[in-house]
Amino acid sequence: MRSLITGLSVTAVLFSGAIFGFFYAWVCSTMWGLDQADPRVAIAAMQAMNASVRNAVFFPAFFLTPAVLALAALVIWRDGQRGPAFWIAAGAATYLVFGLFLTMTVNVPMNEALALIAVPEEIEAAETIWSDYSSRWQFWNQTRTIASGIALALAGYGIARLRTD
């Protein structure tokens, strides 16, 4: 049982850290860089990145993080460690609601709407499209980034409280 708990705990932290890092990179580099670019380039680049992110490498961290966290919490709870299991389960719930569901209900629809837009030749038209999209998208990305960081911290706290005997 100990090796199962260890393996699930490491996997849960790895997945949680990966998705937090993914969202965080958008906050502190990608979007700021796109905001500094010609808005026509920013729109085209964002369309390309959104199209490319749906892949087998991204899938585990984005979709399986809450499942891995929940499974770790369940196994740890069944081991009689209710406190650590609670914190890890809280991390799973936090990411599920404010990471996965938020992304699927806000960011993805925004990305899909942007994908349908032909990049305008006029810079003013592109600037209007980009500034409307970027400011809203970044707000929600920052929200899911904070939530993913909290989920990682909750999981880490729960794992730190595990009995090692």
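User: Which helix gives the largest share of the lining of the largest pocket?
Analyst: In this predicted model, the largest pocket is lined by 23 residues. Helices H1 (2-36), H2 (39-52), H3, H4 (82-115) and H5 (123-160) each give two or more residues to that lining. The largest share is 7 residues, and the helix that supplies them is H4.

User: How many residues in the lining of the largest pocket are nonpolar?
Analyst: The pocket holds about 380 Å³ of space. Among its lining residues, Asn50, Val53, Arg54, Val108 and Asn111 lie nearest the centre. By class, the lining has 3 charged and 6 polar residues, and the number of nonpolar ones is 14.

User: Is glycine 99 buried or exposed?
Analyst: Glycine 99 lies in helix H4. Buried means under 20% relative accessible area. Glycine 99 has 0% relative accessibility, so this residue counts as buried.

User: What distance separates the C-alpha atoms of glycine 99 and tryptophan 140?
Analyst: Along the chain, glycine 99 and tryptophan 140 are 41 residues apart.

User: How does leucine 64 count by its relative accessibility, and what is the value?
Analyst: Leucine 64 is found in helix H3. Partly exposed residues fall between the buried limit of 20% and the exposed limit of 50%. Leucine 64 therefore counts as partly exposed, with a relative accessibility of 34%.

Note on methods. Residues numbered from 1 in each chain as written. Predicted model: local features only at pLDDT ≥ 70, side-chain atom pairs only at ≥ 80, totals over all residues. Heavy atoms only, no water. Helix = DSSP H or I, 4+ residues; strand = E, 2+ residues; numbered from the N terminus. Buried < 20%, exposed > 50% of the residue type's maximum accessible area, 1.4 Å probe, protein only. 1 Å grid on protein atoms, 1.4 Å probe; cavity = no way out; pocket = protein on both sides within 12 Å on 5 of 7 lines; lining within 4 Å. Points joined across faces, edges and corners; volume = space filled by probe spheres on them. Nonpolar A, V, L, I, M, F, W, Y, C, P; charged D, E, K, R; others polar.
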